[in-house]
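Thanks, everyone. Let me put the model up, and then we'll go through its aromatic contacts.

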Amino acid sequence: MISFTLCLVALLLGYAIYGKVVERVFGPDDRVTPAMSKSDGVDFVALPSWKIFMIQFLNIAGTGPIFGAIMGAKFGPSSFLWIVFGCIFAGAVHDYLSGMVSMRNGGIGLPEIIGKYLGGKMRVAMLVLTVFLLMVVGAIFIYSPAVILSNLAGDLMFWIVVILVYYVIATLLPIKKIIGYIYPLFAASLLLMAVAMLVMLFVNNPTIPEIWDGLGNKAMEHSPSWKDNIFPCLFIVISCGAISGFHATQSPLMGRCMRSEKLGRPVFYGAMITEGIVALIWAAVGSFFFYAEPEPGYQTIAHMGNNGFITPAPQVVNIICNDWLGVVGGALAMLGIVAAPITTGDTALRSARLIIADFIKVEQCTIKRRLIITLPLFLCTFSLLTWQINNPDGFGILWQYLGWFNQCLTAITLWTLTVYLVLKHKAYIITYLPALFMTLVCSTYLFVSNQLLGLQPLLGYTLGFVVFVFVWAMFIMWHSKIKKENNSLKK
């Protein structure tokens with residue numbers, strides 16, 4: 001628990017120290033924000049700062065920092081380090097700057113930001129990738145909570161229809177209606193569950209692997225079947241809680257609701273640090289469940305009916321919450337497993353509507369114009385959902401590709417932000433290094449992961465490195481060109 005405690009402190013210090021560094025690099029000021037200059041009562045609506053924070057936290061969190069962190073804990077104590085360093089130096093920077101750059105450009109969505117700084121072709125490509133990613137998120141988070149609810153009561157199709165109808169309503173209504181009222185409550189419940197688990201971790205004080213015991217799980221007694229390499233697999237498995245491209249599609253939503261740019265650090269950077277704390281807590285819980293000494297959690301609470309080392313993350317949540325927190329814990333676990341993915345899905349589809357509206361330049365003040373985009377969007381999402389239901393491996397396939405697409409979006413967003421900082425003559429190093437790292441992660445994962453191409457390790461890592469060098473070289477050539485142009489202007 002010493003490593004866990006030190007990492008927890010590091011996240012708090014990261015917000016207090018590095019968060020201010022990033023804020024100073026960007027330079028928020030007192031200019032009028034889109035929430036005020038474009039107020040329309042639907043998407044551009046000034047909200048209280050506490051409510052914006054809670055909605056932003058839930059938008060980017062959901063079950064991601066819970067399930068991903070539990071699965072990532074199987075890699076060993078390296079999961080703690082990735083959450084801490086990834087969150088402070090990459091994820092929170094990514095979320096903060098994507099939101100702030102959107103605000104500086106009138107509250108535009110991610111594809112529009114990418115198109116402005118990486119070119120028109122990238123704008124179109126990112127529109128397709130981003131909208132597809134958001135539809136996949138929507139389809140997955142209709143199906144998975146519907147399955148859980150159908151196991152409790154009712155028919156699967158009944159719950160699918162109920163959730164789908166809710167998604168349509170939440171996508172169409174002004175943000176201050178359903179989202180503005182319900183999301184802060186759900187966010188509070190997720191935070192309450194995290195605090196309760198934090199307290200129980202210190203009360204139970206389990207003996208879990210420390211960082212100095214070895215970063216991987218090979219040095220541990222209980223590592224029966226987790227064979228994936230830490231690099232690059234860990235950095236795909238744990239995305240929410242460290243860094244996630246999906247967040248860059250969500251930050252503009254709250255950027256359209258902020259009265260002042262100076263709220264950016266507590267809202268964007270702060271929400272990501274909060275998510276990192278939640279992920280760290282659940283990574284520690286996962287470490288207890290899989291690796292605690294003298295017996296891992298799956299043995300000491302075997303009466304709960306778990307599947308040992310291969311217990312799925314949602315089941316781990318349910319088992320631990322029921323065992324540590326009793327009836328209240330079971331209720332919180334159910335809320336997290338069901339409500340959190342639903343709220344992630346509806347904001348994903350709301351983001352997709354706004355991104356498409358930005359692209360085709362259709363204002364969204366009237367319900368008729370919102371329907372023009374919403375209906376085709378939901379038809380496509382329903383098609384994905386239907387394929388997922390009819391295909392026995394549909395959920396697994398979508399989930400596998402979602403992880404990789406998500407981190408590819410992360411890398412592209414970081415390169416976009418790097419270009420922005422270069423053009424604004426700011427310290428671009430804060431996004432440049434994370435962009436390089438995530439590019440290497442995504443390129444190698446494509447070739448070596450058994451979930452994707454699954455090539456032999458030597459060939460896969462070589463090809464991944466070649467792609468990485470190519471992207472790096474492209475940036476270096478562009479940067480050299482910009483420097484020459486700037487020098488010419490000075491003369």
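**Aromatic pairs**

Start with Trp82: it is buried, at 7% relative accessible area. Buried here means under 20% relative accessible area, exposed means over 50%, and partly exposed is in between, with a 1.4 Å probe and protein chains only.

Some housekeeping. This is a predicted model: local features need pLDDT of at least 70, side-chain atom pairs count only at pLDDT 80 or more, and totals for chains, interfaces and linings use all residues. Residues are numbered from 1 along each chain as its sequence is written, and side-chain values use heavy atoms, with hydrogens and water left out.

How many aromatic pairs does a search of the whole structure find? The search finds 28. Rings of Phe, Tyr and Trp (its six-membered ring) pair if their centres lie within 6.5 Å; planes under 30 degrees apart are stacked, over 60 edge-to-face, the rest tilted.

Trp82 pairs with Phe235, edge-to-face, at 4.7 Å centre to centre and 80° between the planes. That pair links distant parts of the chain: Trp82 sits in helix H5 (residues 78-104), Phe235 in helix H10 (residues 230-237), 153 residues apart. Helices are DSSP runs (H or I, at least four residues), numbered from the N terminus. Phe235 is buried too, at 10% relative accessibility.

Next, Trp404 and Phe405. Their ring centres are 5.6 Å apart and their planes at 45°, so this pair is tilted. Trp404 is buried, at 15%. Phe405 is partly exposed, at 24%.

Now a cluster: ring pairs link Trp415, Tyr428, Tyr432, Phe475 and Trp478.

Last, a charge. The charged end of Arg265 sits over the ring of Tyr15, 4.6 Å from its centre. The criterion is NZ of Lys or CZ of Arg within 6 Å of the ring centre and within 35 degrees of the ring normal.

Key:
Helix = DSSP H or I, 4+ residues; strand = E, 2+ residues; numbered from the N terminus.
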